[in-house]
Amino acid sequence: MKFTAIIPARYASTRFPGKPLALLSGKPIIQHVYEQVKQVIKDVWVATDDQRIFETVNTFGGKAVMTRKDHKSGTDRIEEAAEKIQTQADIIINVQGDEPFIQPSQIETLCELFKHPQTQIATLGKPFEGIEAVKNTNSPKIVTNYQGFALYFSRSVIPFVRGIEENEWLEHFPYLKHLGIYAYRREILKEITKLPMSSLEKAESLEQLRWLQNGYRIRVGITNVETIGIDTPKDLERAEAFIAKKEV
């Protein structure tokens with residue numbers, strides 16, 4: 001199988017405008033992401049809607065493609081980019097542009113999931129640590145079947161463990177946190193970007209529910225690596241502190 005990774009990176013952000021170009025340990029965040037992915041995938045692109053990001057990627061020796069500004073999701077931007085670069089890849093990997101600590105092992109796990117012939121879309125989950133983290137509505141939960149295919153994603157705590165005190169739930173069920181990295185078979189990416197929003201997607205504000213509700217199969221790989229996504233300037237400060245601690 002041939003793999004291509006595409007990193008969506010737009011300039012506009014409500015909480016952190018210009019985030020991909022913000023410096024982390026002396027390098028733009030988008031460069032950190034690119035270099036991490038490049039350790040595993042040979043063909044890596046940044047899909048952007050901003051000339052400044054495009055030029056920055058070219059300056060550090062990466063490959064970039066300009067896409068429209070009006071995409072409603074990163075998945076739609078990935079599809080436009082895949083068409084523009086005329087990729088011949090069997091699998092398209094979507095790594096968020098604000099994940100500078102994405103690990104090669106996580107990307108490798110994602111790629112391995114496509115050895116199962118029924119995998120149409122792949123993503124990752126990580127075991128939760130602590131019930132308060134499970135209850136956080138900003139951390140979507142995944143429930144899978146015995147073959148590792150997703151049954152449902154939710155911001156709510158799923159499943160509800162009946163007859164057990166809430167603070168003991170983690171002892172009775174392996175709650176799984178969803179990490180926002182995806183991979184798609186090329187033809188499946190074309191299909192899912194043509195789908196209208198679904199009722200479950202609207203209810204939970206989770207794009208992957210559109211795919212599930214339309215019958216697509218999402219296989220979930222397990223990682224024990226926690227990464228630091230950067231959504232706000234405060235997150236960038238934490239990331240700088242994390243790097244400084246590692247270098248001590």
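Select Glu83 and Arg186. In this predicted model, the two form a salt bridge, with the closest N and O atoms 2.9 Å apart. A salt bridge here is a side-chain nitrogen of Lys or Arg within 4 Å of a carboxyl oxygen of Asp or Glu. The pair links distant parts of the chain: Glu83 sits in helix 3 (residues 74-84) and Arg186 in helix 6 (residues 186-192), 103 residues apart. Helices (H or I, at least four residues) and strands (E, at least two) are DSSP runs, numbered from the N terminus. Arg186 is buried at 10% relative accessible area. Glu83 is partly exposed at 41%. The cut-offs: buried is under 20% relative accessible area, exposed is over 50%, and partly exposed is in between (1.4 Å probe, protein chains only).

Before moving on, two notes on the numbers. Residues count from 1 along each chain as its sequence is written. Local features need pLDDT of at least 70, side-chain atom pairs count only at pLDDT 80 or more, totals for chains, interfaces and linings use all residues, and side-chain values use heavy atoms, with hydrogens and water left out.

Next, select Lys19 and Asp98. Their side chains meet in a salt bridge, 3.1 Å from N to O. This pair also joins distant parts of the chain, 79 residues apart. Lys19 is in the loop between strand 1 (3-9) and strand 2 (23-24), while Asp98 is in the loop between strand 6 and helix 4. Lys19 is buried, at 12% relative accessible area. Asp98 is buried too, at 14%.

Step along to Glu99. Glu99 lies in the loop between strand 6 (91-94) and helix 4 (104-112). Show the surroundings of Glu99. Leaving aside neighbours within four places in sequence, Glu99 is in contact (heavy atoms within 4.5 Å) with Val33, Thr227, Ile228 and Gly229.

Last stop: Glu112 and Lys115. Their side chains meet in a salt bridge, 2.9 Å from N to O. Glu112 is partly exposed, at 44% relative accessibility. Lys115 is exposed, at 60%.

To continue, show every salt bridge: a search of the whole structure finds 16.
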